[in-house]
Amino acid sequence: MEGRISICVIAVLMALISCSEAQEHIAPPVYDRDSASVMTSYGINTLISDSGVIKYRIVTERWDINTVKNPSRWTFEKGIFFEQFDERFHVEAYIQADSAWYFDQQKLWHLRGRVRIRNNNGMLYESEELFWDGTRHEFYSNVFSKVTTPERNMEGTYFLSDEHMTHYTVSNSKGSFEREDMTGEKSEEEKEPKSPNDTIHQFEPYVRPQAQKHRRNEI
């Protein structure tokens, strides 16, 4: 009888020891949810309206929307292609980039990698980075940019333009011009008054504090 009791006591002690030494292998909880997108879509071809008017077509391979990150943003890491429409739904310009971010609260686009814009006036803009401010309705860049038109080529380290790419500024610029531009002589077309829609080129250095601020932002 005593032998049975001692065996039971030993069994209980061994069970208690084994329970005390057991460890649970559980991963720590994840509290940071800012890396998770609330929506991910693939193969997008959609129209975007502004104030009830269709203004753009967006074509992209992948579209992520994240409202948890600060600031909230749309991400297009697989590239993006825009068609920009006028009020009559005619294509006004084409815009493309290797990647893009849209900060919806600031209405600010950040385009990176082989940024190209071509409008109906025959103008081609090329850069590696461009910002598109939807509040001020402006394009601007703080890196090397190249502007090609049927009349001339220009390059500069700072670029500022309206959304229609009809009035723009290139600072610290260099480029090739027609002979009349160098001698001061004007052609018959240049002697005529320019309409408000004609392109205006300014070559004075232009520093925009807001653009410099966006340049330092990290994605």
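What follows is a chat about a predicted model of one protein chain.

Visitor: What is the mean pLDDT of the protein chain, and what share of residues reach 70 or more?
Guide: This is a predicted model. Its chain has a mean pLDDT of 75, with 63% of residues at 70 or more.

Visitor: Where is the pLDDT below 50?
Guide: Residues 179-219 have a pLDDT below 50. In the model that stretch makes 64 contacts beyond near neighbours in sequence.

Visitor: How many helices and strands are there?
Guide: The protein chain has four helices and 15 strands.

Visitor: What joins S1 to S2?
Guide: Strand S1, residues 39-50, and strand S2, residues 53-66, run antiparallel and are joined by 11 bridges.

Visitor: Changing topic. How many residues are in the largest nonpolar core, and which have the most contacts inside it?
Guide: That core has 27 residues. Phe 82, Trp 109, Leu 111 and Phe 159 have the most contacts inside it.

Visitor: Which elements give two or more residues to this core?
Guide: They are S2, S4 (80-85), S5 (91-97), S6 (99-103), S7 (108-119), S8 (124-133) and S13 (167-171).

Visitor: What does Phe 159 touch?
Guide: Leaving out residues up to four places away in sequence, the list includes Met 123, Tyr 125, Leu 130, Phe 139 and Tyr 140. Val 147, Met 165, Tyr 168 and Val 170 are also among the residues that Phe 159 touches.

Visitor: Which residues are in another core, apart from it?
Guide: Another core, of seven residues, lies apart from the largest one. Among its members are Trp 101, Phe 103, Tyr 140 and Leu 160.

Visitor: How much of the chain is buried?
Guide: Of the 219 residues in the protein chain, 32% are buried.

Visitor: On to charges. How many salt bridges does the count come to?
Guide: The count is five. One of them pairs Asp 64 with Arg 62, whose closest N and O atoms are 2.8 Å apart.

Visitor: Is Asp 64 buried or exposed?
Guide: Asp 64 has a relative accessible area of 7%, so it is buried. Arg 62 is at 28%, so it counts as partly exposed.

Visitor: What about Asp 98?
Guide: Asp 98 forms a salt bridge with Arg 114, with 2.9 Å between the closest N and O atoms. This pair links distant parts of the chain, 16 residues apart: Asp 98 is in the loop between S5 and S6, and Arg 114 is in strand S7. Asp 98 counts as partly exposed because its relative accessibility is 32%.

Visitor: And which residue does Arg 112 meet in a salt bridge?
Guide: The side chain of Arg 112 meets that of Glu 129, at 3.5 Å from N to O. Arg 112 is in strand S7 and Glu 129 is in strand S8, 17 residues apart.

Visitor: Why does Glu 129 count as buried?
Guide: Its relative accessibility is 5%, and the limit for buried is under 20%. Arg 112, at 31%, is partly exposed.

Visitor: Now rings. How many aromatic pairs are there?
Guide: A search of the whole structure finds 15 aromatic pairs. In one of them, Tyr 102 and Trp 109 have ring centres 4.6 Å apart and planes at 35°, so the pair is tilted. Tyr 102 is buried at 14% relative accessibility, and Trp 109 is buried at 9%.

Visitor: Why is the pair of Phe 131 and Tyr 140 stacked?
Guide: Their planes are at 15°, and planes under 30 degrees apart count as stacked. The ring centres are 5.3 Å apart. Both residues are buried.

Visitor: Which residues do ring pairs link into a cluster?
Guide: Tyr 56, Trp 63, Trp 74, Phe 76, Phe 82, Tyr 102, Trp 109, Trp 132 and Phe 139.

Visitor: Last one. Where is Asn 121, and what is it in contact with?
Guide: Asn 121 is in the loop between S7 and S8. Neighbours within four places aside, Asn 121 is in contact with Pro 150 and Thr 166. The C-alpha atoms of Asn 121 and Ala 93 are 9.1 Å apart, and the two residues are 28 apart along the chain.

Notes: Residues numbered from 1 in each chain as written. Predicted model: local features only at pLDDT ≥ 70, side-chain atom pairs only at ≥ 80, totals over all residues. Heavy atoms only, no water. Pairing = 2+ DSSP bridges. pLDDT = per-residue confidence, 0-100. Contact = heavy atoms within 4.5 Å. Core = buried A, V, L, I, M, F, W, Y, C linked by side-chain atoms within 4.5 Å. Buried < 20%, exposed > 50% of the residue type's maximum accessible area, 1.4 Å probe, protein only. Salt bridge = Lys/Arg side-chain N within 4 Å of Asp/Glu carboxyl O. Phe/Tyr/Trp six-rings, centres within 6.5 Å; stacked < 30°, edge-to-face > 60°.
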